[in-house]
Amino acid sequence: MTPSEPVVPVDRPPAGARRTSPLTAAFGFASLGFAVLSVLATAWIEQQAGLGGTDEGIGGLWFELALTVFGLNQIVKWWFRTYDVGTDQLVIDEGVLTRHHRVVPYGRIQQIDLHRSFLAQLFGLAELRIDTAGGEQTTVRLALLDLASAERLRAWALARRAALQAGPAAAPGASAATGAVAVGGAPGATTTAPWLAPPPPVERRLLELDAGRVALAVLTAAGPVAIVGLGLLAAVWVGAWTLADGGAPDLGAVGVLAFVLVGTAVLVVIQGVGALFTFHGYRLSVIDDDLHLRHGLFEVRQLTVPRRRVQRITVVDNPLRRALGIVSLTVHSAAATGGGEDAARRLEVLSLPRRDLPAFVAALMDDAGWVPPDVVPRTASARRRAVVRRVAIVALPLLPPAVLTFPGGLAFLLLGLLGVPWGLAAHRRAGHGVSPTLSAFASGALVHRLELVPHARVQSARSSRSFFQRRAGLATLRLDVAGSGGSPGLHDLAEASADELRRDLPRRSR
Amino acid sequence: MQPVPPLPPPALLDGTPQRLDPRVRVVWAAGSALPLLAVTVAAVVVLSLVGAPGLLTAGVGLLGVVGVVLAAVLAVLEWRTWCWSAWDDALELTHGVVVRHASLVPYHRIQQIDVERGPVERALGLSSLVLRTAAATTDARLPGIPAEHADALRRLLLVRAGVDDAV
């Protein structure tokens, strides 16, 4: 958290409708690259093998025609897509037959990311993604811009957002707070007003991870731990099988064992090396009131989430990480970061010493109220239900084999007793806590999860009681928060406290 | 300018528990029974055309009838568990036969309120109010509101919602 270099003041990107980089169409066309190459390769192989019939010439013609149409489509789409950087909003016009006019007010920005793929870096280009509140069609992608324009647009949008939220005084056309003033909002007519400019914002570094810590964080994540666990389990199983078979291990069994172990090691190394590239140069910092995360070697990502737009923070660890005393955090914005490629846009704090968690969260949000409150455990009836449910979950799938191999198969059902330690472990951890700023929900048997939800971001609350829960006087509480990643909450709270929290927590958001 | 219809019952916003309009039972029953009935009739017709055993055809028909009766019973039970209260600052909904759901949506979180009317609802003069917040998971669908009150209730809630980006 050392103050470092000041950030250059923001200047206004040129106004007026502009197109993205002309290379956009070429990149769109190149995205077909693999498909095209594979088709060409197939055609070539067929030709070599003499499989091509008399109609080969016609097939080639169709193929070229399809390619040309696709290429032209990319060019036309690029030509008809323009963006206009306004004082208060970004306007995007696109579409050939049906024109779409989209207005993105800077004040509503939830997250703004700069993404540079390896190819884009070679050409000095970048893709800018702007998210307004969650839902459909709320992500605007400006692909591709030259890097300088993209960075300038991002800085401008953030500065204007801050100015707009500072108060109604920062009216359109009087954006003094940003250090640049657009006179009368006329396109291109900009002039600076140095006497009104605030001191340039300072970047405060919160967390930097070197290769070693990135590797540690990635290798102790649930995925690799599970792979190693499964690999060892398979090795033990193969070993036991061999011993039971006749004592002397034969060559085949040793081969399988070696294959399993080497396969496990290769998988883990691949994950580790991939992560070293993905999270190379990991740096989390605060500029003004925005969280900035930058990482990546071949694929550079710069994520920006305004602090006020943080919807919740999830703290996760697993048995290995607990032994090492580290946790990881996910800072959720309201942007669409659901799955697939979007998951890479989550602001993740890969690794943090557990003892630093309260201080880190307070520094991250610049609010001591974010320190996680103590968690109140659930009632004894919740413990009973936790155990009974898990015993049932384990035993039910074993019921058919147990019945089929009666009476010896009844021993299968004893495996259901595994549900007892599982349920007890899950119950030991579960609980909720409420502080003046936020509510916290803890859960998980092996992988522990702590959800921190600020009262200010709760949209609504739900509780539900199944038939069995009603008999035990319990209920499930869920808080609805904007953004992807489900609704934080807790199973099997006492009915009365679930009802009270459901009525109380959403009202505190005022 | 259109004349403004009278305000609906919860004009006081004092949290008095409200039942849904009883006609909503017909909407729910029809919603599950009509498709079931159509499938049953089609199955019976096809079975008798291909000359299936009479017992099989009768069984399928009976299954359909039982399903329709069950749908009606469920609709009645569902209506009996439904209850909504408009408080000064939030709307509270309670419903569910097998699993009891309860939710609370503060007015200041409302982003949008839709009034939806399906074909059966239109025939019976009912509307559904769908409250939307910035969270996709919010459960705030208020069915069985008499159509003449729906717009007024929507306006009443929107006035309470105020102007805020609420994310």
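Strand β22 (residues 458-465) of chain A is largely enclosed by the rest of the structure, because 6 of its 8 residues are buried. The cut-off behind that word is simple: a residue counts as buried when its relative accessible area is under 20%. The model is a predicted one, so everything here is read off computed coordinates.

What does β22(A) pair with? Within chain A, β22(A) lines up with strand β23 (residues 474-481) in the antiparallel sense, over 6 bridges. Strand β3 (residues 100-106) of chain B is also a partner of β22(A), again antiparallel, this time over 5 bridges. A:Ala461 shows both pairings at once: its bridge partner in β23(A) is A:Leu479, and its bridge partner in β3(B) is B:Leu104. As a reminder, strands of a sheet pair through backbone hydrogen bonds, either parallel or antiparallel.

Elsewhere in chain A there is an open sheet of 7 strands, ordered β17-β16-β15-β21-β20-β19-β18, with antiparallel pairing. Which strands stand at the edges? They are β17 (347-353) and β18 (376-377) of chain A; each has a single partner strand, so one side of each is left without a neighbour in the sheet. Further in, β15 (residues 312-317) and β21 (residues 448-454) of chain A pair in the antiparallel sense over 5 bridges, and A:Val315 sits opposite A:Leu450 in β21(A). A helix comes into the picture here too: α14 (residues 419-429) of chain A lies across β19 (431-434), β20 (438-443) and β21 of chain A, running at about 30 degrees to β21(A).

Now for a single side chain. A:Phe298 is found in the loop between β13 (290-295) and β14 (300-306) of chain A. Is A:Phe298 buried, exposed or partly exposed? With a relative accessible area of 41%, A:Phe298 is partly exposed, because that value falls between the 20% limit for buried and the 50% limit for exposed. Setting aside neighbours within four places in sequence, A:Phe298 touches A:Arg116, A:Ser117, A:Phe118, A:Gln121 and A:Phe277. Take A:Gln121 from that list: A:Phe298 and A:Gln121 are 177 residues apart in sequence, yet their C-alpha atoms are 8.0 Å apart in space.

Over in chain B, helix α1 (residues 24-49) packs with helix α2 (residues 54-81) at an angle of about 175 degrees, with the axes 8 Å apart. That angle makes α1(B) roughly antiparallel to α2(B), since angles over 145 degrees count that way. The residues of this contact divide into 17 nonpolar, 6 polar and 2 charged.

Finally, some totals for each chain. Chain B has 4 helices and 6 strands, and from the N terminus on its elements run α-α-β-β-β-β-α-β-β-α. Chain A comes to 16 helices and 24 strands. Buried residues make up 42% of the 167 residues in chain B, and 42% of the 510 residues of chain A also count as buried. Among contacts between residues at least 6 apart in sequence, those joining residues at least 24 apart account for 59% in chain A and 55% in chain B.

Note on methods
Residues numbered from 1 in each chain as written. Chains lettered and ligands numbered in written order. Predicted model: local features only at pLDDT ≥ 70, side-chain atom pairs only at ≥ 80, totals over all residues. Heavy atoms only, no water. Axes fitted to C-alpha atoms, helices over the stretch in contact; angles between N-to-C directions. Helix = DSSP H or I, 4+ residues; strand = E, 2+ residues; numbered from the N terminus. Parallel < 35°, antiparallel > 145°, perpendicular 65-115°, else oblique. Nonpolar A, V, L, I, M, F, W, Y, C, P; charged D, E, K, R; others polar. Buried < 20%, exposed > 50% of the residue type's maximum accessible area, 1.4 Å probe, protein only. Contact = heavy atoms within 4.5 Å. Pairing = 2+ DSSP bridges.
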